[in-house]
Amino acid sequence: MQPSFRGARDVLSVTFLLLLITGSASAQLVTENAGTVSPETPLARLVINAAQWRHVDEFSAVGEFHYGFHPRFEGSVSVPFIYRYFEIGNNDDEEIAGFGDVALKGKVVVHKEDGVMTSMRTAVLAGIEFPTGKWDDRIGDATEPYARKLQLGSGTFDFTLGLAFTYINDRHRIAIDALGRASTSRDNVSPGPVLRVDLAYWFRLFPAVFEPGESGMELRLVVDAWYLHRYHTRGEKLDDSGDQVWLAPGLQFYATNWLLLEGNAAYALMDTTDDEYGRARWSAFVAVKILF
């Protein structure tokens with residue numbers, strides 16, 4: 001499928017607007033960081049994503065804002081703008097663009113230990129996505145909406161709960177999280193539960209040693225991997241249950257102590273799902289973080 005880019009200018013326009021006000025939060029690129037944002041330095045993040053499946057091409061710009069209400073408690077909000085190009089039926093092409101589901105997330109650190117150039121954190125994660133994106137769009141004179149998974153929004157309230165663990169030893173960082181997701185139903189469609197485990201390794205390429213009292217440029221190598229199991233969406237024609245395994249190498253670059261640039265490229269090593277998207281091929285993102 002060759003993607004059409006009509007409407008992509010809308011994505012770029014929103015992207016440039018969000019770049020003025022947003023940036024990134026996590027110490028890893030995909031895996032959750034068990035640490036929290038300092039109450040003294042809230043931050044914002046903009047993530048620009050591109051992804052391709054067999055039948056779908058997608059671009060999005062996601063704006064996030066993270067605030068530390070307490071040294072052990074962080075809250076965040078994210079707003080996605082999505083452009084999607086896909087095939088329906090007998091190779092009919094469709095394009096949609098607009099805002100997706102707004103999400104609120106919280107993180108509470110339940111255990112932490114700090115030493116000389118070492119740190120350990122364990123946190124509980126929870127979140128909710130609200131059905132703010134359009135979920136009942138129709139094509140032409142169709143009497144029924146097309147598949148819910150292809151819509152901008154899920155049409156349901158989606159809840160996430162999980163745990164995260166992060167260990168730091170000077171130039172090295174290891175993190176792991178385990179998350180579960182469940183959804184309500186709407187118009188006899190109920191997205192299936194999702195179970196996910198993420199693992200990340202982080203290495204500071206330079207500087208090798210921090211001078212006392214100094215902070216400046218840093219370059220970090222980050223490798224994320226994750227496994228995802230999706231259960232069947234009730235109310236849809238296809239059985240979209242299945243498993244995915246992804247590997248995503250990436251980089252983080254601290255240009256200053258308040259500006260971070262980062263990005264990665266993710267590759268689907270395994271995908272057994274059979275839905276409207278088709279087999280996953282790849283995804284990539286670039287992001288900007290601004291600490292206030």
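Where does N188 lie? N188 sits in the loop between β8 and β9. The model is predicted.

**Loop between β8 and β9**
- D187 belongs to the loop between β8 (172–183) and β9.
- The phi of D187 is positive, about 50°, although D187 is not a glycine.
- D187 has a relative accessible area of 56%. The cut-off for exposed is over 50%, so D187 is exposed.
- N188 lies in the loop between β8 and β9 as well.
- N188 is not a glycine either, yet its phi is positive, at about 65°.
- N188 counts as exposed because its relative accessibility is 72%, and exposed means over 50%.

**Loop between β9 and β10**
- P207 is found in the loop between β9 (194–206) and β10 (218–230).
- The peptide bond that leads from F206 into P207 is cis. Its omega is near -5°.

- D158 is part of strand β7, which covers residues 158–169.
- D158 has 2% relative accessibility. Buried means under 20%, so D158 counts as buried.
- The side chain of D158 makes a polar contact of 2.7 Å with the side chain of T156.
- A polar contact of 3.2 Å links the side chains of D158 and R181.
- Leaving aside residues up to four places away in sequence, D158 touches D101, G127, I128, E129, R181, A182 and S183.

How values were computed. Residues are numbered from 1 along each chain as its sequence is written. This is a predicted model: local features need pLDDT of at least 70, side-chain atom pairs count only at pLDDT 80 or more; totals for chains, interfaces and linings use all residues. Side-chain values use heavy atoms; hydrogens and water are left out. Helices (H or I, at least four residues) and strands (E, at least two) are DSSP runs, numbered from the N terminus. Buried means under 20% relative accessible area, exposed over 50%, partly exposed in between (1.4 Å probe, protein chains only). A polar contact is a pair of N or O atoms within 3.5 Å; within protein, one must be able to donate a hydrogen and the other to accept it, and residues adjacent in sequence count only if both atoms are side-chain atoms. Contact means heavy atoms within 4.5 Å.
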